[in-house]
Amino acid sequence: MARRESDDKKKHKSCSFCIDKIDFVDYKDAAKIKRYLTEDGKIIPRRITGTCAKHQRMIASAAKRSREASIINYVFD
């Protein structure tokens, strides 16, 4: 079966960091980092969150740093 044109045009999520013109993700901002983590403490992939590759890398490193600094937990209750 051939694909329809509507199947090819998926909604593109825009990066919230690019919209707000944020250059750096601070590891001390626990509330913002927790939005991008699951209840198990895993980092949500960018295909779900809609962040760009640059900011996704910043989120990952900020989450790892804040875990080491005990700002956020490895696993949430």
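Which residues of helix 5 are buried? They are His55, Gln56, Met58, Ile59, Ala60, Ala62, Ala63, Ser66 and Arg67, where buried means under 20% relative accessible area, exposed over 50%, and partly exposed in between (1.4 Å probe, protein chains only). This is a predicted model, in which local features need pLDDT of at least 70, side-chain atom pairs count only at pLDDT 80 or more, and totals for chains, interfaces and linings use all residues. Residues are numbered from 1 along each chain as its sequence is written, and side-chain values use heavy atoms, with hydrogens and water left out.

**Confidence**
- The mean pLDDT of the chain (the predictor's confidence in each residue, from 0 to 100) is 88, and 87% of the residues score at least 70.
- Confidence is lowest in helix 1 (residues 5–8), with a mean of 58, and highest in helix 5 (residues 53–68), at 96.

**Overall fold**
- The chain has five helices and zero strands; these are DSSP runs, numbered from the N terminus (helices are H or I, at least four residues; strands are E, at least two).
- Buried residues account for 29% of the 77 residues in the chain.

**Helix 5**
- The 16 residues of helix 5 should span 22 Å at 1.5 Å a residue, and the end C-alpha atoms are 23 Å apart, which agrees; the expected span is 1.5 Å times one less than the number of residues.
- Its buried residues pack against helix 2 (16–19), helix 3 (30–34) and helix 4 (46–49), with contact meaning heavy atoms within 4.5 Å.
- Just after helix 5, Ser70 has a positive phi of about 60°.
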